Amino acid sequence: MRLFELGERIAKVHESLVTLPELAENTDVRAVLLDIADDPAALKPYLNRLELVVLRFPIFRDGRVFTQARELREYLRFSGEIRAEGHVLPDQAAFLKRCGVDSVVLPDGSDPALWERQLSRFPVAYQRSVLPSRPVGAGLRVEEGT
Amino acid sequence: MKRAVRVGTDEKLVLTANRLLDGVIVWRDRLGQWRPHIGVAEKLDAEQVAPVLELAQARAQADGVVGVYEVAVKDVEPPEPVTVRERIRAYGPTVHPEFAVETVQ
Amino acid sequence: MSVPVGHYQYDQIDRDFLDARIAEFSEQVARRIDGTLTEDEFKPLRLMNGLYLQLHAYMLRIAIPYGTIDSKQMRMFAYIARRYDRDYGHFTTRQNIQFNWIKLEETPDILRDLARVDMHAIQTSGNCIRNVTSDEFAGAAADELVDPRIHAEILRQWSTLHPEFTFLPRKFKIAISGSPNDRVAARFHDIGILARPGDDGRTVFRIFVGGGLGRTPIIGQEIFDAVPEERLLATLEAIVRVYNAHGRRDNIYKARIKILVQALGIDAYREAVEAELAQMDLEHYRLTPDMVDAIQARFAVPTLSAPGNPAQELANKRRENPEFDLWVRSNTHPHRDAGHIIAVVSLKPAGGIPGDATSAQMDRLADLADEYSFGELRITHLQNIVLGHVRQDRLYDLWTSLKEVDLASANIGLIGDIVACPGLDYCALANARSIPIAQKLGARFGDASLQAEIGALRINISGCINACGHHHAGHIGLLGVDKRGEEFFQITLGGRAENGASIGTILGPALPEDDTVDAIARLVDRYLGMREKGETFLDTLDRLGDAPFKEAAYETV
Ligand code: HEM
Ligand code: SF4
């Protein structure tokens, strides 16, 4: 497994990763794999002990991952690591980061240099995300990151 | 874009695709080359087509084409597509006669 | 550089962003060509930048945000038509322009040329928030309450490369109007917004969700009556977030927001949106008056001065020249300023291809915009071109110039003003050709006085159930269907997109092309025979129902 860090948090490898239904029974587990159809709100009771939430793209076109990540950060104020895996493209790197994802399990053959380039592609954004930001010029535009 | 192709008794199949770089419609000839005129397309029997199609699809990237599929044609010379859609692909839009694709080689 | 009238002026920050987007797309094209990206992976990426693979070639759809461009931009379209295409372009019902004969390897160059005039193809296709459409008479119409283009620009910016909403279940279309007379078909959009002035001097918004045409035509329902300006973006984030999380992804025909709104019911949908809003940090999403004012400041407002008595001069010219008078009657709209008028240039010459324009026509339109309308042009959702601010005493000269280039058809809102999608001549999804039948109908009813006699009557034609020609919303709608490889057309009557939107009902069995043209001619004759004084086609249809029209249409078949 090759991990690519999007830059907000250091990625850590966890021994055991369970699904949402298994989380209740395994009280010492600190990492969970959310199904694409799972509502992140279901993680509420476990937030204190969770260090990692893995979100899985069944296919890169399935954009629910972005909303799941955002709800984790914005509604649940989850401060651990969020990781994306599955069928994901480097073209999505900045979108993922801006929705609160910290790391990606690189698909086979995926070139980290492409991922790196996508992260610094755009100098500004036209809407707020979960990242800290400062206005640039007048209007909606912001510069993101710390 | 892939539709089930029904082949009538006096009909054959030809393979078509678009060229990756410029989108031009191309037809597969006897030598496996992709060329812009249906007149040179190799006519295949329904039973023959599956392996040829599979091979052409597998080679699409190397051959610089995209969206390979089979088209039913009348078994005449040059082959003539059965459906309006494929006739428009073969000969050009009906509303711009000046863009017609000639069918001779 | 002077600030353009009617649309947002880019600055260096916007241009740098656009350059970055072009660099990104160029790399994506290179990865496709070298095989790093498969076609399945590339397709959504190219669509997000407006590039389709159509029947004959690649097609590039260029965004015209809120339908407004300036003369420089129009000239760039002309240049692209000449340099990269076959000397013409096609204006669409979503206020975009499409080029039909594009090469993949040349698209990065085209995008760089477009960027020189602050234009792009971002989000003109794909499952993302599409180019935002607006009222073609915005900022000019006498009946307008607020100019919706400022907020349309805000929505354009907000939706551009939105990190969360770029891989939605399906495409997502927003339209915004600032007039009580809905000219944007707000209730046929995923989100339709009607702006009006609020008590505090800021704008408030009435919002509809879940409208659309396509396979399942549905009229949008009101979700909020009065969203304050500062909550606009938060509200839209919440509406789209609910859709992104819960919209169907298993079946593309059931993936639009309209299906989700139908499944949940509008009240449950509203509750879901309110639940999101309750959890959101509203301050984070606040659209402040400063932000709005800063964007508004990038729009120039035309200085409307019309000394003398322009209205009188126009009236004189109309009396002198009946042909001009006929054109003024159908092709103009009242302006908010008494000395000005809005002129609509028809792209529907009798027998022509609806919405097509040659590079020479585009160049000429750009010149005329400079001469008569502050360099500003708008594309209408009926595929015509508007010059928004013409002095009344100069309208005659404008008309004379339009006549010289064959752009003076007097048919706006009349039967010759046909909307047709590209159909089987270009479109990979079509069942039937839409353009030839439009040409035949246009020729059949070409005569300007006949059209004036028939009055308001709109024909819309789609080549398949995707309804790009809005056939459901046409007073007479034609839908191309495939009957064992043959092209047939199904006729619907009574659709309308204006206030009181409704969907047309099917008249009877589908007919072949020529029979369809004859059937329409007969039902128009029947209407002329049955109408009472002052009635439009829709009035007569509403009064009598469709039985007499059905009888006329199927008389001899
Ligand atoms: C030739 C290339 C085109 C293709 C492949 C295409 C494809 C489609 C498809 C698949 C849909 C149905 C989407 C759905 O309901 O989920 C659709 C709808 C639509 N298209 Fe096109 N279209 C094309 C050209 C156009 C043109 C030229 C126009 C404008 C004249 C247009 C305007 C629209 C509109 C307004 C809808 C809206 C229907 C709705 O909102 O439900 N399209 N198109
Ligand atoms: S309505 Fe159908 S035929 Fe017409 S452009 Fe849309 S998808 Fe193509």
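R121(A) and E27(C) form a salt bridge, with their closest N and O atoms 3.0 Å apart. The model is a predicted one. That salt bridge belongs to the interface of chain C and chain A, where the count is nine salt bridges. Two pairs of chains are in contact, and chains A and C share the most contacts.

**Chain C against chain A**

- On chain C, 46 residues are in contact, and they meet 37 residues of chain A.
- About 3700 Å² is buried between chain C and chain A. Carbon and sulfur atoms give 59% of that area.
- P163(C), F167(C) and H284(C) supply 19% of the area that chain C buries against chain A.
- Six helices of chain C each supply at least two residues of the side that touches chain A: α1 (12–33), α2 (39–47), α5 (149–159), α6 (232–246), α8 (266–279) and α9 (289–296).
- The largest share of that side comes from α1(C), with eleven residues.
- By class, the side of chain C that touches chain A divides into 21 nonpolar, nine polar and 16 charged residues.

**Chain B against chain C**

- Chain B puts 22 residues in contact with 32 residues of chain C.
- The two chains bury about 2200 Å² between them. Of this area, 62% is on carbon and sulfur atoms.
- How many salt bridges cross the interface of chain B and chain C? The rule finds zero.
- Polar contact is found there for nine residue pairs, both residues at pLDDT 80 or more.
- On chain B, β1 (11–19) and α3 (84–91) are the elements that give two or more residues to the side that touches chain C.
- Four residues come from α3(B), the largest share of that side.
- The side of chain B that touches chain C has eleven nonpolar, six polar and five charged residues.

**Chain A and chain B**

- No contact joins chain A and chain B. Their closest C-alpha atoms lie 18 Å apart.

**Around ligand 1**

- Which residues come nearest to ligand 1? Of the 23 residues around the ligand, they are T93(C), K171(C), L213(C), C468(C) and H470(C).
- K171(C) has a polar side-chain atom 3.5 Å from a nitrogen atom of ligand 1.
- L213(C) brings a polar backbone atom to 2.9 Å from an oxygen atom of ligand 1.
- G214(C) also has a polar backbone atom facing the count: this one is 3.4 Å from an oxygen atom of ligand 1.
- The shell around ligand 1 has seven nonpolar, nine polar and seven charged residues.

- An unreviewed UniProt entry places the feature "domain: Nitrite/sulphite reductase 4Fe-4S" at residues 125–278 and 418–553 of chain C.
- Over residues 125–278 of chain C, the chain is 31% helix and 18% strand. The end C-alpha atoms of that stretch are 32 Å apart.

Technical notes:
Residues numbered from 1 in each chain as written. Chains lettered and ligands numbered in written order. Predicted model: local features only at pLDDT ≥ 70, side-chain atom pairs only at ≥ 80, totals over all residues. Heavy atoms only, no water. Near = heavy atom within 4 Å. Polar contact = N/O pair within 3.5 Å; in protein donor to acceptor, adjacent residues only side chain to side chain. Nonpolar A, V, L, I, M, F, W, Y, C, P; charged D, E, K, R; others polar. Contact = heavy atoms within 4.5 Å. Buried area = accessible area lost by both parts, 1.4 Å probe. Salt bridge = Lys/Arg side-chain N within 4 Å of Asp/Glu carboxyl O. UniProt positions renumbered as here; feature names shortened; annotations may be inferred.
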